Amino acid sequence: MEKQLSDALKQFLNEDLQGIVLSNSRDKETLLKVQIRPVVIQGSLKFQAGEFAGNQVFHKNLDKAQTEAYIIKLLENQMKQMDLKSSLGTVQALVSKKGKMTVKVRERKESPAISPAESPKISPLSRQEKLSRLAHNRPKRYILEEGTPVPFLVDLGVMTAEGKIVHSRYDKFRQINRFLEFVEDILPRLDKSRESVIIDFGCGKSYLTFAMYYYLKEKMGYPIRIIGLDLKREVIRRCNELSRKYGYETLQFYYGDIAGYEGVSQVDMVVTLHACDTATDYALAKAVRWGAKVILSVPCCQHELNAQIKNELLAPVFHYGIIKERMAALYTDALRAEVLENQGYRTQLLEFIDMEHTPKNILIRAVYQGIRKDNEKEIGEITKFLHIKPALCRELLDREEN
């Protein structure tokens, strides 16, 4: 029966496959079920296996031969049932208590021929067209791919030692990759012929700091030095331990605040993620004074304007606390972007990750181009209208006037 199953898998493991489910596990505590579907990765047909264990799902991508061997091994040792569906037919494999396997193959029969007058002729899809459809519908491509172990992700509990994503940390995995997409976009702004200095203010546990170093230095070969800064001494100690463990010689972490840091005189890129309230403004001001080519900032809580903002015309709207809070946050980030434009940066406000994961989902991306936007009058009118004085305006615009 194993040969019959092997022959069936050779026939149906192709671009016409719709899906395979292996179920009825002999040990539900270690593995509940496995789902397999075709995907196209870098132009090649692969088969993605999702292993359901408890409340976690682990993924691996296999080629045709590996998938065939994987399925046979599961039926021999773990699963008692396999159901395969394809546009070419179906295959069902059942394993009895005594280990005897029964395989049923049903090939799809061609429809009776009909005349062109009864139905228009439809040309069958070519193999390339089928692969193109799979590629279009394939899972999102990640910069850090599933199935490839990354040491810091393993230590931080996002991956297993085999490179599988821990299901409960999948949101963190997506967030890391989303951030790296923004980093990927600004690669042309980094000079590969010299060491670029990158500062990460408020680095915290440094998931994204390690990811940025790994991507730029280890994967892309950029000569970089990254400095992480935070006010939690234990976090700094742990991050430095991990950095030494991985041999990341130009990744260091220091205790200190954003406003008072004077450890470097020139910086190429500044990253500030979830720095609370005006800490973001001080980081942005520092970045501008350093002449940073790139700024990536995901603001956190924005209390300053919420405490200041008032306007008679908008009073009925501001009466509702949640509306006032959200409007104050949006005004804060919009004005930050305008001030950066005034300082010569091409600035965008982008969605960092889906709102379902966190309401703090705006990323400010600013790339220095040296052309200052003449918008001080408009900024002044807005701040006067709302009776506000944002920290970044005080740091950069007021000082220029003085």
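Me: What should I know before I start reading off residues?
Reply: The model is predicted, so local features need pLDDT of at least 70 and side-chain atom pairs count only at pLDDT 80 or more, while totals for chains, interfaces and linings use all residues. Residues are numbered from 1 along each chain as its sequence is written, and side-chain values use heavy atoms, with hydrogens and water left out.

Me: OK, helix α6 to begin with. How many of its residues are buried?
Reply: Of the 13 residues in α6 (residues 207-219), 10 are buried, and the helix is mostly covered. Buried means under 20% relative accessible area, exposed means over 50%, and partly exposed is in between, with a 1.4 Å probe and protein chains only. Helices are DSSP runs of H or I with at least four residues, strands are E runs of at least two, and both are numbered from the N terminus.

Me: Which residues of α6 are the buried ones?
Reply: They are Tyr-207, Leu-208, Thr-209, Phe-210, Ala-211, Met-212, Tyr-213, Tyr-214, Tyr-215 and Leu-216. After the helix comes Gly-221, with a positive phi near 75°.

Me: Where does Cys-239 sit, and is it buried or exposed?
Reply: Cys-239 is in helix α7 (residues 233-246). It counts as buried because its relative accessibility is 2%.

Me: Switching to strands. What's going on with β12?
Reply: Strand β12 (residues 294-298) is mostly covered, with five of its five residues buried. One side has Val-294, Leu-296 and Val-298, and the other has Ile-295 and Ser-297.

Me: Which strand does β12 pair with?
Reply: It pairs with β11 (residues 269-273), in the parallel sense, over five bridges. Two strands pair if DSSP finds at least two bridges between them. As one example, Val-271 has Leu-296 of β12 as its bridge partner.

Me: On to charges. How many salt bridges are there?
Reply: The whole structure has 21. A salt bridge here is a side-chain nitrogen of Lys or Arg within 4 Å of a carboxyl oxygen of Asp or Glu.

Me: What about the one Glu-51 makes?
Reply: Glu-51 pairs with Lys-164, with the closest N and O atoms 2.8 Å apart. Glu-51 is in strand β3 (residues 44-53) and Lys-164 is in the loop between α4 (151-155) and α5 (170-185), so the pair ties together parts that are 113 residues apart in sequence. Both Glu-51 and Lys-164 are buried.

Me: And which residue does Arg-238 pair with?
Reply: Arg-238 bridges to Glu-241, at 3.7 Å between the closest N and O atoms. Both are in helix α7, three residues apart, about one turn of the helix. An α-helix has 3.6 residues a turn, so residues three or four places apart point the same way. Arg-238 is partly exposed at 39% relative accessible area, and Glu-241 is partly exposed at 30%.

Me: What about Arg-346?
Reply: The side chains of Arg-346 and Glu-341 meet in a salt bridge, 3.9 Å from N to O. Arg-346 is partly exposed, with 42% relative accessible area, whereas Glu-341 counts as buried at 15%. Elsewhere, salt bridges that share partners join Asp-191, Arg-194, Asp-268 and Lys-293 into one network.

Me: Where's the nonpolar surface patch?
Reply: Val-317, Tyr-320, Ile-322 and Ile-323 form it, with about 350 Å² of accessible area together. The areas come from the Shrake-Rupley method with a 1.4 Å probe, and for residues only the protein chains shown count as cover. Patch residues have over 30% relative accessible area and no salt bridge; like charges are joined within 9 Å, and nonpolar side chains (Val, Leu, Ile, Met, Phe, Trp, Tyr) within 5 Å. Val-317 is in helix α10 (residues 315-318) and is partly exposed at 33%.
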